[in-house]
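Let's take a friendly walk through a protein structure together. Have a look at the sequence and the 3D view before reading on.

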Amino acid sequence: MTPHPRLSAPKGTRDLLPADATAVLAFEGEFASLARLYGFSPLVTPAFEHTEVFERGVGEATDIVNKEMYTFADRGGRSMTLRPEGTAPVMRAFIEHGIGKSGQLPWKVFYAGPMWRYERPQAGRMREFRQVGAESIGSADPQYDVELIEFAARFFDRLRITEIELLVNSMGDEQCRPAYSMAFASFIRDAVEQRHPLCDDCTRRLDQNPLRILDCKKPGCRELTEGAPAVLDSLCFDCIEHFEAVKGGLTAAGVEFKLDPRLVRGLDYYTRTTFEFRCGALDAAQDALGGGGRYDGLAETLGGEATPALGFAIGTERTIAAIAKTGGAHPPLGADEPLVAVVMPLVEEAREVALQAVSALRSAGVPSDLGIPGRSAKAQLRTASKAGARVAVLIGSDEIERGLVTVRFLEAAGGEPAPDQLQCAIEELVGLVAEARTEK
Ligand code: HAM
């Protein structure tokens, strides 16, 4: 019989084995706790949406919509797309549920979950990846730009990631951007005529969305943009006033930033403030840990009433990689609740008492595991030590006869020799283990 070929996860996806999954959940938990501190509430939207949400929301001229979406016809023939990002779905939900009419604005929500983009997989760039993000919908006041950017900056502080830089720019609005965009495109057309052509992607961008050329990493395209008019010199009065208030607010809040007039970001919905966090410890192609900005026109694009808004998203895998590279997040994410105790039934008859003991420990919130009945004490102790447990609860025939359990400390505080084992009644076990836990 021919063996079946082995199956593997699709290209650009990966399994999160227990250690990585623990770090991801801890990361998302940390983000959620800070989000609550800044007054954001959780929101969960579907993993797929009508394709139009992204075509209209993210923009037909973007790389995401042009070549990166996982789009399929469902069995009813409707075009659906796995979400490549979270902002357009959040705005779709805001409009659908009539939240703008509630009078309780801004609507401040956060989310965490997987996103899908059909990209060329490489380090830091996956086809399935996770984001945590936050959106603040309903106010044009620059104080919300400051609040949101400060929230993101504090999150990176909390993770103790170093070598991080916050870049800030203003993209202008519908009053001043069209003129700037035309002046920029005309500068590039002249440069192409005089020097050399753009890459294929940028040639397309020149007609559809010329400012995206600023984002191209290819040296030829970068060279053609040198000396081009800068967006910050073309802002209208309202945009200048808004941007000054954002910069002033960030300085007052103690958030360090650098101005970057080349920062245009890859999504069409941005107006005014844009920002990005980059980490110098990662390769340039994947050094953006997160970013965001204002998108005051998105609500109307998606069929709602004009509603100013802004938000950001952070790449979970990339940020966890930056933690590992820069020695951040101490204690390590996910290591705050390691296994504490292992209950070891040394004989078959110990099964029930062992279950009782492990259940008492778990009810008291002590992370505990159960050994395999009948295996030798030595083998069970070795497994428990490897798993990092600090307490072993041994139950053999002698213990059953006397109605006690034996508690052995596998590792004492400060690396001192472990004290001798002692015996106690099951009712005393939780107290004893809790004591050992706080001593650590
Ligand atoms: P974005 O810049 O496209 O923004 O994505 C945010 C972050 O997601 C990136 O900085 C990066 O860390 C991570 N990321 C993006 N693509 C990949 C990938 N293929 N593999 C691994 N990580 C990736 C947005 O998505 C906007 N929705 C942000 C936003 C929210 N703007 C306003 N509100």
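Strand S15 and strand S16 (residues 422-424) are paired antiparallel, with three bridges between them. Within this pairing, Val405 has Cys424 in S16 as its bridge partner. Keep in mind as you explore that the model is predicted.

S15 also has a partner in strand S14 (residues 391-395): these two run antiparallel and are joined by four bridges.

| Strand pair | Sense | Bridges | Example of bridge partners |
|---|---|---|---|
| S15 and S16 | antiparallel | three bridges | Val405 and Cys424 |

Is S15 enclosed or open? Four of the five residues in S15 (residues 405-409) are buried, so the strand is largely enclosed by the rest of the structure.

Now step back to the whole protein. It contains 15 helices and 16 strands, and buried residues account for 48% of its 440 residues. The C-alpha trace spans about 90 × 65 × 45 Å along the principal axes. The radius of gyration is 28 Å, whereas a compact globule of 440 residues would have one near 22 Å.

Of the contacts between residues at least 6 apart in sequence, 72% join residues at least 24 apart.

Terms used: Residues numbered from 1 in each chain as written. Predicted model: local features only at pLDDT ≥ 70, side-chain atom pairs only at ≥ 80, totals over all residues. Heavy atoms only, no water. Rg over C-alpha atoms; globule rule 2.2 N^0.38 Å. Buried < 20%, exposed > 50% of the residue type's maximum accessible area, 1.4 Å probe, protein only. Contact = heavy atoms within 4.5 Å. Pairing = 2+ DSSP bridges.
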